[in-house]
Each structure stands twice: as structure tokens, then as C-alpha cells.
Amino acid sequence: MSTSMELRRHLLWVLRQVREVGSLNVPDDVWRNRLDWVDSEAAKFDSGFRHRIFSDARNGQLNNL
């Protein structure tokens, strides 16, 4: 999968998760836990994505950098 498609897919996933969290009718602590989980998943993706981008750039696999 191309990096731009991977990033697009992740951004859409995050938007769906935020929308779902916003519509939950649950106590504040449950809402916060779900939002923390979404934030943690986004941070994991960010770290892995940056690692792959820099690795591909070092290996000359990305154009226009």
C-alpha cells in the first residue's frame, strides 16, 4: 500500500473513531478511556508511519524528497 493511501486510511479511521466517541452516551470516565485509546492508537500509527517514511527515504525508495 502506498504511504499516501496508508495515511489517508488512518486519517479516516481516526475521524470515524472520534465521531463514534462523540456520540457515546456513557459516563465521562468511559468516554475519556475511549478517547485515550483512540489517541494511543493514533500515536502508534504516527510512530510506525514516520519510521517507515524515514526508512524508505534513506533507502531511496521515495521520489521527490
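Part of what covers the buried residues of helix α1 is α2 (28-58). Buried here means under 20% relative accessible area, exposed means over 50%, and partly exposed is in between (1.4 Å probe, protein chains only). Helices are DSSP runs of H or I with at least four residues, numbered from the N terminus. This is a predicted model, where local features need pLDDT of at least 70, side-chain atom pairs count only at pLDDT 80 or more, and totals for chains, interfaces and linings use all residues. Residues are numbered from 1 along each chain as its sequence is written, and side-chain values use heavy atoms, with hydrogens and water left out.

So what does α1 look like? With 21 residues, α1 reaches 30 Å from its first C-alpha to its last, close to the expected 30 Å (1.5 Å times one less than the number of residues). Its buried residues are Glu-6, His-10, Val-14, Gln-17 and Val-21. Looking down the axis of α1, these fall within an arc of 70 degrees, so they line one face of the helix; the arc is taken from the directions from the helix axis to the C-beta atoms. Over on the other side, the exposed residues include Arg-8, Leu-15 and Ser-23.

As for Leu-7 and Arg-32, their C-alpha atoms are separated by 25 Å, and the two sit 25 residues apart along the chain.

Key
Helices (H or I, at least four residues) and strands (E, at least two) are DSSP runs, numbered from the N terminus. Contact means heavy atoms within 4.5 Å.
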